[in-house]
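Subject: Structure handover

Hello,

The structure we talked about is below, followed by notes on what turned up in it. Please read the notes with the coordinates open.

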Amino acid sequence: MEVHEVVAEDDLVVLHATMTGRQTGTFVTYDPEGLPAQAFPATGRTFATMRTHWVRLRDGQIVDHRANRDDQGMAIQLGWIPPSLGYLIKMGRALRKARKS
């Protein structure tokens, strides 16, 4: 994560940053019961997306955190959306594997 700007006022700190990475493993999302809901197998692709974090501090500790993230931009860069037929098949296999473990 590369932080571009930090602004602080009273107990509020705001960070504007770019997150970069490469997907090397399966990303699994979970339903409210804690069971795997979706699985996105590794594509090996890289991504770079902007985000803003809003943090409230009290006694030197974070007591509230909110973020504005470009998850759709990341998903497009990683090839998750729009998914190809082949990737949909890989997603199904990865989800079955995640549910078994």
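**Backbone features**

Proline 82 sits in the loop that runs between helix H1 (71-78) and helix H2 (85-100). Keep in mind that this is a predicted model. The peptide bond joining isoleucine 81 to proline 82 is cis, with omega at about -10 degrees.

Two aspartates have a positive phi. For aspartate 10 the value is about 55 degrees, although the residue is not a glycine. Aspartate 10 is placed in the loop between S1 and strand S2 (12-22). Its relative accessible area is 78%, so aspartate 10 is exposed.

Aspartate 59 also is not a glycine and has a positive phi, near 55 degrees.

**Salt bridges**

How many salt bridges does a search of the whole structure find? The search finds 3.

One of them pairs the side chains of arginine 56 and aspartate 11, with 2.7 Å from N to O. Arginine 56 belongs to strand S5 and aspartate 11 to the loop between S1 and S2, so this pair ties together parts that are 45 residues apart in sequence. Arginine 56 is partly exposed, at a relative accessible area of 33%. Aspartate 11 is partly exposed as well, with a relative accessible area of 33%.

Another salt bridge links arginine 66 and aspartate 64, whose closest N and O atoms are 3.1 Å apart. Here arginine 66 is exposed, its relative accessible area being 54%, whereas aspartate 64 has 27% relative accessibility and counts as partly exposed.

There is also a salt bridge between aspartate 71 and arginine 69, where the closest N and O atoms are 2.7 Å apart. Aspartate 71 is partly exposed, with a relative accessible area of 33%.

**Largest pocket**

The largest pocket holds about 160 Å³ of space. Which residues line the largest pocket? They are Met19, Phe27, Arg51, Arg69, Asp71, Met74 and Trp80. Sorted by class, that lining has 4 nonpolar and 3 charged residues, and no polar ones. Arg69 and Asp71, both in the lining, are the partners in the salt bridge at 2.7 Å.

Arginine 51 is part of strand S5. The C-alpha atoms of arginine 51 and aspartate 70 are separated by 6.6 Å, while the two residues are 19 residues apart along the chain.

Alanine 98 is found in helix H2. With a relative accessible area of 16%, alanine 98 is buried.

On the surface, Met1, Val3 and Val6 form a nonpolar patch, and their accessible area together is about 290 Å². Valine 6 is in strand S1 (residues 2-9). What is the relative accessibility of valine 6? The value is 52%; exposed means over 50%, so valine 6 counts as exposed.

Proline 32 lies in the loop between strand S3 (27-30) and strand S4 (36-40). Proline 32 is exposed, with a relative accessible area of 82%. From proline 32 to glutamine 77 the C-alpha to C-alpha distance is 27 Å, and 45 residues separate the two in sequence.

**For checking against the coordinates**

- Cis peptide bond: isoleucine 81 to proline 82, omega about -10 degrees.
- Positive phi: aspartate 10, about 55 degrees.
- Positive phi: aspartate 59, near 55 degrees.
- Salt bridge between arginine 56 and aspartate 11: 2.7 Å, N to O.
- Largest pocket: about 160 Å³.

Regards

Notes: Residues are numbered from 1 along each chain as its sequence is written. This is a predicted model: local features need pLDDT of at least 70, side-chain atom pairs count only at pLDDT 80 or more; totals for chains, interfaces and linings use all residues. Side-chain values use heavy atoms; hydrogens and water are left out. On a 1 Å grid over the protein atoms alone, a cavity is a set of points where a 1.4 Å probe fits but cannot get out, and a pocket is an open set with protein on both sides within 12 Å along at least five of seven lines; lining residues have an atom within 4 Å of a point. Grid points are joined across faces, edges and corners, and a volume is the space filled by probe spheres set on the points. Ala, Val, Leu, Ile, Met, Phe, Trp, Tyr, Cys and Pro count as nonpolar, Asp, Glu, Lys and Arg as charged, and the others, Gly among them, as polar. Patches are made of residues with over 30% relative accessible area and no salt bridge: like charges are joined within 9 Å, nonpolar side chains (Val, Leu, Ile, Met, Phe, Trp, Tyr) within 5 Å. Accessible areas come from the Shrake-Rupley method with a 1.4 Å probe; for residues, only the protein chains shown count as cover. A salt bridge is a side-chain nitrogen of Lys or Arg within 4 Å of a carboxyl oxygen of Asp or Glu. Helices (H or I, at least four residues) and strands (E, at least two) are DSSP runs, numbered from the N terminus. Buried means under 20% relative accessible area, exposed over 50%, partly exposed in between (1.4 Å probe, protein chains only).
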